[in-house]
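Start with the structure itself.

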Amino acid sequence: MFDRVLCRSYKNLKNMDLPQRLAELIEGLQLEPHPEGGYYKRVHYSAEQIQAEALPSRYEGSRQLYSSIYYLLGPGDFSAFHRLKSDEIWHFFEGESLAVHLISPDGNYALKLLGKNQAKGEHFQFIIPHGTWFAAEPIISTAYALIGCTVVPAFEYHDFELASAVELETLFPQHTKLIKRLCR
C-alpha cells in the first residue's frame with residue numbers, strides 16, 4: 001500500500017523557491033543535521049526533573065520533564081527507523097505531508113499521516129508510543145515538512161536507538177522491503 005502512496009522523486013515540484021525556503025529554515029532556526037536524517041534544533045529542555053524513582057524501570061537515572069525540537073525533512077530525505085524509551089508527540093508546522101511508519105514491539109505495522117489535510121486522514125499531531133520503531137518520509141509532491149517533536153520525559157541520546165536494518169529485518173521479516181528502504 002505505502003509504495004503506491006509514497007515517493008522520493010520530486011520531478012513535478014511546482015515550488016520554485018524550495019531551495020531558498022529550506023535555506024531560510026535551516027539558517028533561521030539554526031538547524032543542524034540529525035543522525036537519523038533531516039535537520040533539527042532543540043527548542044525547549046525543561047529545567048525541572050523527574051527523579052529516577054518516579055520513572056518506569058526502563059530509565060536509568062533522572063530525566064528532565066520534557067524536551068522539544070524543530071525537525072525538517074526536505075525532498076528525498078527521510079527519518080530512519082529508530083525508537084525511544086519515551087513517548088514522542090509529532091506536531092505539524094509548515095510544508096506538506098509526511099508518512100510516519102510505525103512497527104510496534106509485536107510487529108504490527110501502522111501508517112500515520114502528519115499534515116494539514118484532515119480529509120485525507122492527516123493529523124496535525126499524534127503520539128508515537130515508547131518502544132515503537134518508526135521512520136518518516138515525505139509523501140508524493142511534498143517539498144518539505146517542518147514539524148516539532150515533544151518528548152516526555154525529555155529526550156536523551158542514551159534513550160535513542162537507531163535501527164540496524166539487519167537486526168530489524170530479523171525481528172520483522174514481514175516488513176523487510178520497508179526496513180531496507182528506511183534504514184541508514
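Leucine 98 touches Leu73, Trp90, Lys112, Leu113, Leu114, Glu137, Pro138, Ile139, Ala145 and Ile147, leaving aside residues up to four places away in sequence. The model is predicted. Leu98 also belongs to the largest nonpolar core, which has 17 residues. Tyr71, Trp90, Leu98, Val100, Leu114, Ile128 and Ile147 touch the most other members of that core. Strands S5 (67-73), S7 (87-95), S8 (98-103), S11 (125-128), S12 (133-138) and S13 (145-152) each give two or more residues to this core. A second, separate core has 13 residues, including Phe172, Leu178, Leu182 and Cys183.

Now the charge pairs. The structure holds seven salt bridges. Among them are these:

| Salt bridge | Closest N and O atoms |
|---|---|
| Arginine 21 – glutamate 24 | 3.0 Å |
| Aspartate 159 – arginine 63 | 2.8 Å |
| Arginine 83 – glutamate 161 | 2.9 Å |

Arginine 83 lies in strand S6 (residues 79-84) and glutamate 161 in strand S14, so their bridge ties together parts 78 residues apart in sequence. Arginine 83 is partly exposed at 28% relative accessible area. Glutamate 161 is partly exposed at 32%.

Arginine 21 and glutamate 24 are three residues apart in helix H2 (residues 18-28), so about one helical turn separates them. Arginine 21 is partly exposed at 27%, and glutamate 24 is partly exposed at 38%. Arg21, Glu24 and Glu94 are linked in a network of salt bridges.

Note on methods: Residues are numbered from 1 along each chain as its sequence is written. This is a predicted model: local features need pLDDT of at least 70, side-chain atom pairs count only at pLDDT 80 or more; totals for chains, interfaces and linings use all residues. Side-chain values use heavy atoms; hydrogens and water are left out. A nonpolar core is a set of buried Ala, Val, Leu, Ile, Met, Phe, Trp, Tyr and Cys residues joined through side-chain atoms within 4.5 Å. Buried means under 20% relative accessible area, exposed over 50%, partly exposed in between (1.4 Å probe, protein chains only). Helices (H or I, at least four residues) and strands (E, at least two) are DSSP runs, numbered from the N terminus. Contact means heavy atoms within 4.5 Å. A salt bridge is a side-chain nitrogen of Lys or Arg within 4 Å of a carboxyl oxygen of Asp or Glu.
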